[in-house]
Amino acid sequence: MNEPLPNPHILELRAGALRLALRPDLGGCIAGLWLDDVAVLRSTEPAELAASRPSGCYPLVPYSNRIGFRHFDWEGEAYTTQPNFDQSPHSVHGVGWKRPWQVVSATETEAVLRYVHTADDHWPFAFEATQTFTLTPGGLQLRMAITNQADRTQPVGLGWHPYFPKRAHSHLHIEVAERWDSDPADELPRQAVAQPTIDAPVSELRFDNCFQGWQGAALIRDEQLSMRITSDLAYLVVFTPQTKDYYCVEPVSHVSNAIQMADPLAHGLVSLPPGQTHAGTMTLAVERA
């Protein structure tokens, strides 16, 4: 009897007790990350995953979160983007999570993926993005870089959208300074207010906010795992929906909808000249509780 052929769209990395499954064709996403048989991220066996949105983590590029009502002005010109997230009036999370990525290289413990974007009605500037995944026995290291391939400066941002399984004793400890509150009518941030250290069970939190003054580490623990997220990105989005079996802790480079703010660069957005590269990193350390 013939063995089934390997799926050309699946990459798996292994290091110690950790297993990482990638789906380059589905937005360059992480299908799952496991420590032995325990899901570290919200995890689906890669062959069973049909889209990036229910994955364990996907890339945010060339921007994080929302572009309000799908339009923005940049260097004296007006641009529009397209709907890409259910019935939302905004464009959400960039284009990278919706497009197939190519495998540049892969070993037992490291993989590099690339996405080449041609200007279109979802994002009007050409760019190339790469993701590097490095798995060690102690955790996962991610690096993303975006290079401007347009003939003019473009606004860019990046980040990651990891989902964590909500368990009975899931707990967050994150030192931050300010929280961006949104208008409930349109879910767009309006003002930054003081935010004390987050230190509580996930079940008690009601966040869907971007935070600043993040000290560069987020501690997550539950009855099975102890995790630590670090990043060189300055902002953090925390999403703790009460009706879902997951929550999100997302290192990002800019405030949500920074592109529409009076001074986007003061809120983390980068003005990237042609041929230049902007990069960021995130590390997820994992051990048993």
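The lining of the largest pocket is made up of nine nonpolar, five polar and seven charged residues; here Ala, Val, Leu, Ile, Met, Phe, Trp, Tyr, Cys and Pro count as nonpolar, Asp, Glu, Lys and Arg as charged, and the others, Gly among them, as polar. The model is a predicted one, in which local features need pLDDT of at least 70 and side-chain atom pairs count only at pLDDT 80 or more, while totals for chains, interfaces and linings use all residues. Residues are numbered from 1 along each chain as its sequence is written, and side-chain values use heavy atoms, with hydrogens and water left out.

Pockets and cavities were found on a 1 Å grid over the protein atoms alone: a pocket is an open set of points with protein on both sides within 12 Å along at least five of seven lines, a cavity is a set of points where a 1.4 Å probe fits but cannot get out, and lining residues have an atom within 4 Å of a point. The largest pocket holds about 410 Å³ of space, a volume being the space filled by probe spheres set on the points, which are joined across faces, edges and corners. Among its 21 lining residues, Arg66, Phe85, His93, Asp208 and Phe239 are the closest to the centre. At least two lining residues come from each of strands S15 (159–165), S23 (235–239) and S24 (246–252); strands are DSSP runs (E, at least two residues), numbered from the N terminus.

The second largest pocket has a volume of about 210 Å³. Its lining counts 14 residues, of which Arg66, Ser182, Glu187, Asp208 and Asn209 are the closest to its centre. Strands S17 (178–183) and S20 (208–212) each supply at least two of the lining residues, and S17 gives the most, with four. By class, this lining has five nonpolar, four polar and five charged residues.

There is also one cavity of 30 Å³ or more. Its lining consists of Tyr63, Ser64, Arg66, Ile67, His254, Asn257, Ala258, Ile259 and Leu269, which divide into five nonpolar, three polar and one charged.

Turning to the strands, nine of them form an open antiparallel sheet in the order S10-S11-S12-S13-S26-S22-S21-S16-S19, where two strands pair if DSSP finds at least two bridges between them. S10 (102–106) and S19 (198–201) stand at the edges with a single partner strand each, so one side of each has no neighbour in the sheet. Direction ignored, neighbouring strands are turned by 15° against each other on average, as judged from axes that are lines fitted to C-alpha atoms. Within this sheet, four bridges join S16 (171–174) to S21 (217–221), and His173 has Leu219 in S21 as its bridge partner.

Strand S2 (18–23) has six of its six residues buried (under 20% relative accessible area, with a 1.4 Å probe and protein chains only), so it is largely enclosed by the rest of the structure. In a regular strand the side chains alternate between the two faces of the sheet. In S2, Leu18, Leu20 and Leu22 point one way and Arg19, Ala21 and Arg23 the other. Five bridges join S2 to the antiparallel strand S1 (11–15), and Leu13 is paired with Leu20. Two residues lie between S1 and S2 in their hairpin, where Gly16 takes a positive phi near 60°. S2 also pairs with S3 (29–35) in the antiparallel sense over six bridges, with Arg19 opposite Trp34. Five residues separate S2 and S3 in their hairpin, and Gly27 in the turn has a positive phi of about 70°.

Terms used
Axes are lines fitted to C-alpha atoms, for helices over the stretch in contact, and angles run from 0 to 180 degrees between N-to-C directions. Buried means under 20% relative accessible area, exposed over 50%, partly exposed in between (1.4 Å probe, protein chains only).
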